[in-house]
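Trainee: Could we go through how the labels given to residues here follow from their definitions?

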Amino acid sequence: MNVGIIGAGHIAEKMATTLGRVEDCSCLAIASRSLEKAQDFAARFGVARAYGSYDNLLADPDVDLVYVATPHSCHFDITRRAILAGKPCLVEKSFMANATEAAAIIALARENGVFVAEAIWPRYMPVLGIAREVLASGVIGKPVTVNATLAYNVSEKERIQSPELGGGALLDLGVYLLNFVRMYCDGQIEQISTSCVKSPTGVDASENISMTLSDGTLVSLQCSAWSQGDNQAVIAGTSGYLVFNDLINPTKLLICRKRHIVEREIVLPEQITGFEYQVRACRDALASGLLEPPQMPHSETLYIMHLMDRLRSEWGTV
Ligand SMILES: NC(=O)c1ccc[n+]([C@@H]2O[C@H](COP(=O)([O-])OP(=O)(O)OC[C@H]3O[C@@H](n4cnc5c(N)ncnc54)[C@H](OP(=O)(O)O)[C@@H]3O)[C@@H](O)[C@H]2O)c1
């Protein structure tokens, strides 16, 4: 599978590094708004083709999958053009700037028979199956509370500060917390209470999201793009608790019984960067002729986008 990357920024570098090491895949092309920047990126990551326009990459017949690695506000336009050019797409999280855009892109992809997926990498990682097995085994009893934090101080980044680029903590980081709840909790969201502190530019800088689920689980999430957090997640049950040492990319899970006594430590499989799982999921889905990856169906992407719209409408952020 030949991948073409759109946007030669931070996360594009991680994807190019990953693609260089994934079997049956290669990073064939990079597109930037600046040809010089694309050429520099290509030289640093051993990418064969460098384009100074996104449309030139979309017109390359050898590109099998387009990875959209631009700010959230640009995802819609680039993905729309890619779909119309018949190119399957893996779009960085958050999938789009809002649910209206997400629904339109998914409808367009289906109409045109083109694969599109959200690059929300924890959905594709082996930890999902492993942690779900732990929960199903009953070792921590019935889950009662979920506590999770995700905070990185990325406030200096223009795309985080700027409302026009789809900035703020929710689209960048909170999206992982909401996905975590959907990945590991059985209950449906029945109640949400939330509060938000805004940045001087008017984006959501930090937020609390509390939820009550239909099975009685109480969820407490905290997110910030203006501080560094411990970024752990804990699911506590009637007879113990499960710790993810990192919410997005854990290296181990801890099963604890009482007051920090670790009963079992599960070391998660070694990986390239962790991005390889979403790349392989796209490769396999394309080989099977699917229009969405089973690991992250369009219905889930849409659910999360609607939830984020609801939260932002409560905070008065657009
Ligand atoms: N999966 C993860 O762990 C992870 C981590 C960080 C970010 N992300 C996601 O990846 C995406 C990009 O984030 P990033 O941190 O890589 O951002 P970044 O470093 O700012 O790079 C974004 C790139 O988008 C292109 N771009 C197109 N239009 C732009 C505009 N109007 N303003 C600024 N840049 C524009 C630029 O590339 P050219 O100048 O080359 O055209 C820029 O380098 C976001 O969706 C973000 O949520 C994912």
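Trainee: Why is N231 called partly exposed?

Mentor: N231 has 19 C-beta neighbours inside 10 Å, and a residue is buried if 20 or more other C-beta atoms lie within 10 Å of its own, exposed if 12 or fewer, and partly exposed in between, with C-beta atoms placed from the backbone; N231 therefore counts as partly exposed. This is a predicted model, in which local features need pLDDT of at least 70, side-chain atom pairs count only at pLDDT 80 or more, and totals for chains, interfaces and linings use all residues. Residues are numbered from 1 along each chain as its sequence is written.

Trainee: Where is N231 found, and what is its phi?

Mentor: N231 is in the loop between β10 (218-224) and β11 (233-237), strands being DSSP runs of E of at least two residues and helices runs of H or I of at least four, numbered from the N terminus. Its phi is positive, about 55 degrees, although N231 is not a glycine.

Trainee: What makes D24 exposed or buried?

Mentor: D24 has 10 other C-beta atoms within 10 Å, so it is exposed. D24 lies in the loop between α1 and β2 (26-31), and its phi, near 65 degrees, is likewise a positive value in a residue other than glycine.

Trainee: What joins K93 and S94?

Mentor: A cis peptide bond joins them, with omega about -20 degrees, and S94 is placed in the loop between β5 (89-92) and α5 (99-112).
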